[in-house]
Amino acid sequence: MLVIENLIKKYGDFTAVDNISLEIREGDIYGFVGPNGAGKTTTMRIAATLMEATSGTVLVDGIDVREDYLKVRGKIGYMPDFFGVYDNLKVDEYMDFYGSCYGLSRAEREKRTDELLELVNLRDKKDSYVDTLSRGMKQRLCLARSLIHNPELLILDEPASGMDPRARIEMKGILKTLKGMKKTILISSHILHELSELCTHIGIIERGKLVYSGEIQDIMRRITGRTILKIEVLSEREKALALFREQPLVEDIYGEENSFELSFSGSDEDMAELLRHLVLQGIPVKTFVKEEGSLEEVFMEVTREYELENGN
Amino acid sequence: MNLKMGIKRNPVITSEMKIKMRGWRTALAVAAYLAVLLFIGFLYYLTFIESSYSYRNTVNAFQEMGIQLYSMLAVLQFSLLILITPAQTAGSISGEREKQTLDLLLSTKISSFGIIFGKLISSMSYVLLLIITSIPLFSLIFLFGGVTPGDMIKLFLFYIITVFSVGSIGIFFSTVFKRTVTSTVITYIVIFFLGLISVILGIYMIQAQVRGTGHLTNPRIPFILYINPAVGLADILTAEQGGVSQFLGYNIGTQTGLDFWIINSIVMMTIAAGLLYAGVKKINPIHRKKKRKKQA
Ligand SMILES: Nc1ncnc2c1ncn2[C@@H]1O[C@H](COP(=O)(O)OP(=O)(O)OP(=O)(O)O)[C@@H](O)[C@H]1O
Ligand SMILES: [Mg+2]
């Protein structure tokens, strides 16, 4: 659906996007994560035909964004990180306006407007002026707007930025609905865990370089790879300790009286196996809790690894 | 280009019209504009009556007053239009940038041409409204005689061409500058200097020609004057006396039978088309189509 090959964008001497290549297949939800100034917006704007690359190729459904950009625009729904609305325009007129910019017929526009306002929960705001909406509502409206022509690919640049927690959850819900509708989505954020529930793929970008790109399960495995197990026993401390020591998957043990913290590198199945062992040995287990490693840790690690590999 | 994005189907036009016609602002502005024209016209009428009441009952006197009143209103309306038009167009694209709506517009299937064309027509529509509503006022002058409907059609056609050209300058600068304030100021400065410099240069060149050839009759009208709509207006208003070529010299259109104002209009429209084309190129984010040829 979206193929980026050796994309480079320079602003004068400054390289904002440095040789990025990635591929997003139909139905993928690709999360683009990186700190401020990493080059997310720049990449997305190039894909949305709003900016020209210095070099490299971007294909949307096989079409070069530089060649038939009008056709590409018909396939893309773009939501910028910052945007404004017109004064003196009502919500349904706003949708209607953009609908006609995509060349939709009146009947199609009306139908889509109704459907989409329903989707983003703005149905009762249909007759309000767009400039009177709250920020979160404007963001949802802009998302609806980007969907008006039923695009195959959505490019969403931090759609939840500046929203309060409740609005974020609401936005997430809408995005999940879109995921259910089998849309292909490229979405950016600078918070990794915000995307983890939603995305099928994650790309981590830093200072213009794509330092990691892969399936969300990969990232999750890395997290599982650094699982901390919290185990408490009622008695039999020594027996438990001996058992932990002979487990190859247990890398580190911190013990304090009857409670332990294990650094565990196995899967969920391995974990169950460990618990079975404990029980079979007759050790009275009081608690057995898995503590999630944080995505932010993984993020730091991936970035560090990349820098080590590339001698930077 | 995409002619399907015609006036009726251009969303920029439809939407801006909707916004502009909402509320009382436009209606009030039109009323105020007409009031100014009417008030000044009436003052002029009064002074004329005062100064010439000895022969005010003759048909000739009325005709003459009619013609004078007409010329005065024509110049007044021309000046007002030149003053109003840049303000309407100079913010059209920069305003979208300031509101952060330009990217949204550009990401849709509407072409850059459609956007520029839509902006031009919709900002022009307001000025056209002023022109159209002034028609009844101008028609009153028919009562005095001396002015024909043909004269008026010519004048109003020229207004529309002038407004279109001046408007294009505003559109062009609104694509160049990020801020509407800058764009507006630059547009006014450029229009003012184009008007002033073309006249100064034109007169200087006529004098130089006269000095050089020694002839006092019929020097060539310097080309720089063809960009100035004020000269075209003068040509239209002095048509009875033979137009501006009578005063300024030989008009390049004479052989083909074209009056100065027609050549003037063609030159202005050409410049305007060039500016609009530059504007279309300027807002289109994709400049060069990628060549698929591989280089060895
Ligand atoms: N028009 C521009 N001219 C010069 N430099 C620019 C321009 N736009 C962006 N940059 C630079 O390019 C780099 C990447 O910017 P970009 O907006 O793509 O980052 P981002 O990942 O979207 O960041 P954020 O999370 O803050 O939105 C930044 O260092 C920025 O300063
Ligand atoms: Mg950004």
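## Surroundings of ligand 1 in a predicted model

An oxygen atom of ligand 1 lies 3.1 Å from a polar backbone atom of Ala38(A), a polar contact in the sense of a pair of N or O atoms within 3.5 Å. This is a predicted model, in which local features need pLDDT of at least 70 and side-chain atom pairs count only at pLDDT 80 or more, while totals for chains, interfaces and linings use all residues. Residues are numbered from 1 along each chain as its sequence is written, chains are lettered from A and ligands numbered from 1 in the order in which they are written, and side-chain values use heavy atoms, with hydrogens and water left out.

Two side chains also make contacts with oxygen atoms of ligand 1, as tabulated here.

| Side chain with the N or O atom | Distance to an oxygen atom of ligand 1 |
|---|---|
| Asn36(A) | 2.8 Å |
| Thr42(A) | 2.5 Å |

The protein covers 61% of the 640 Å² of accessible area that ligand 1 has on its own, the areas coming from the Shrake-Rupley method with a 1.4 Å probe. By class, the shell around ligand 1 holds 5 nonpolar, 6 polar and 2 charged residues, with Gly counted as polar. Both β2 (14–24) and α1 (40–47) of chain A supply at least two residues of this shell, and α1(A) gives the most, with 3 residues; helices (H or I, at least four residues) and strands (E, at least two) are DSSP runs.

Elsewhere in chain A, Ile191(A) sits in the loop between β8 (184–189) and α7 (192–196). Ile191(A) counts as partly exposed because its relative accessibility is 28%, where buried means under 20%, exposed over 50% and partly exposed in between, with a 1.4 Å probe and protein chains only. From Ile191(A) to Gly34(A) the C-alpha distance is 7.6 Å, although 157 residues separate them in sequence.

Methods. A polar contact is a pair of N or O atoms within 3.5 Å; within protein, one must be able to donate a hydrogen and the other to accept it, and residues adjacent in sequence count only if both atoms are side-chain atoms.
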